[in-house]
Amino acid sequence: MLKPAGVRNRSLAEARTAGRWRAVVEGGRVRRAITVTTLAPGMIAVRLEGPPALLERMGLQVAAAPQAARTAKQLALISLDPRRFSGSVVQGEALLDPCAAPAGGERAGTCVRINGGYFNYRQRACSAQPEPRPIGPLNTAGGRQQPALPVPSAFAGDYHQMMFADGSSFASAPLLAERGEPVFGIKAAGNPMYRLPPDFCFERGDLVPPGVLWHAHDANPRAAISLPSSAGSGRIRLVAAPMGDRSCADSGWTLTAFSAAMARLDRQQSPPNVSLNLDGGESVALLAWVGGRPLLDVRQTLQPRRVGNLVEFHDGPPQRSPRMVRCVKLET
């Protein structure tokens, strides 16, 4: 789904973005592994695909096992100018299709969408509550508070709240990177609470409840949002890292590796961004439309999983002083 292609539709911002990526390493393999495309004014898409050793040279991945040398890893991101795009959390009474085209057709302008936070998937967090129920507090536009399930108490310290200018917000975990440092990778190193319990057995039918971080040391598809840490300091990045083969762990990302990758991305601007992990697995979806036309479709499954909530960004007139999207520790 992330096949490399030649750089096209070059703009000044795009050229600078491509230059930053290619300044990390040189060579034809890197040029083939990176695709940079301007999708709309203020919106740039970057796609990476290559073996772990190549991404390691870019600072995006911890060392892989020698036998994984030919395994492809994928990462895609959309970089948004916060002066041109405003975000919002979308949630309804029913599950949402992330691939449904935005309403309005050609009049819809530019829309970028990424899957949001954890939800009561298959009612595994609470059998008595509807499946779309978010894990942790969620507000829609105007600050309208929605019914929600509590965050898992053991991981309450990992949850952060992302708040948008329209009053919408949602909670997710963990914080991946801050000030250019892989904060979760440092925190999780050797910590058994981020691993499956010793008596856990998938074959026996054991399940990981939504919002619990036992999966941190396992390779999975991942998604994240990277935000400027101060007003006017940089760009918003929406990141999706699907797995080409879920039976091959080396094609996926542990949260430690993803934390390191996001820290590397965040350091591309000064001051560095801050990155928050989103729901992963088959929920991973990053899509973009311009004038009703789909221009980017990166997701884990061909048949998209319906999710409990989404984050959408829409274009508008450029703003001199846009209100920041903020990421703060969740008060519990």
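**Entry 1. Strand β5**

Buried here means under 20% relative accessible area, exposed means over 50%, and partly exposed lies in between (1.4 Å probe, protein chains only). Strands (E, at least two residues) and helices (H or I, at least four) are DSSP runs, numbered from the N terminus. The model is predicted: local features need pLDDT of at least 70, side-chain atom pairs count only at pLDDT 80 or more, and totals for chains, interfaces and linings use all residues. Residues are numbered from 1 along each chain as its sequence is written, and side-chain values use heavy atoms, with hydrogens and water left out.

**Entry 2. Partners of β5**

I looked up the pairing, for which DSSP must find at least two bridges between two strands. β5 and β14 run antiparallel and are joined by five bridges, with C111 opposite W289. Five bridges also pair β5 with strand β16 (residues 307-315) in the antiparallel sense; there, I114 has V311 as its bridge partner.

I followed β14 (residues 285-290) onward to β15 (residues 293-299), its antiparallel partner over six bridges. W289 has P294 as its bridge partner in β15. The two strands form a hairpin with two residues between them, and G291 in the turn has a positive phi of about 60 degrees.

**Entry 3. Cores and cysteines**

I searched for nonpolar cores, that is, sets of buried Ala, Val, Leu, Ile, Met, Phe, Trp, Tyr and Cys residues joined through side-chain atoms within 4.5 Å. The largest has 35 residues, and V112 is among those with the most contacts inside it, together with M43, L80, L238, L286 and F313. A second, separate core of 34 residues includes A171, A173, L213 and L330.

C111 is buried, with a relative accessible area of 0%, while C126 is partly exposed at 24%.

**Entry 4. Helix α5**

I compared the span of helix α5 (residues 255-266) with expectation. The expected span is 1.5 Å times one less than the number of residues; for its twelve residues this gives 16 Å, and the end C-alpha atoms are 16 Å apart, which agrees. Ten of the twelve residues are buried, so α5 is largely enclosed by the rest of the structure. Among the buried residues are F258, M262, R264 and D266.

**Entry 5. Backbone exceptions**

Most residues other than glycine have a negative phi, and most peptide bonds are trans. I therefore noted the exceptions below.

- The A173 to P174 peptide bond is cis, with omega near -5 degrees; P174 is in the loop between β9 and β10.
- S270 and P271 are joined by a cis peptide bond with omega of about -5 degrees, and P271 is in the loop between α5 and β13.
- Q123, not a glycine, has a positive phi of about 55 degrees; at 37% relative accessibility, Q123 is partly exposed.
- R179, also not a glycine, has a positive phi of about 55 degrees and is exposed, with a relative accessible area of 62%.
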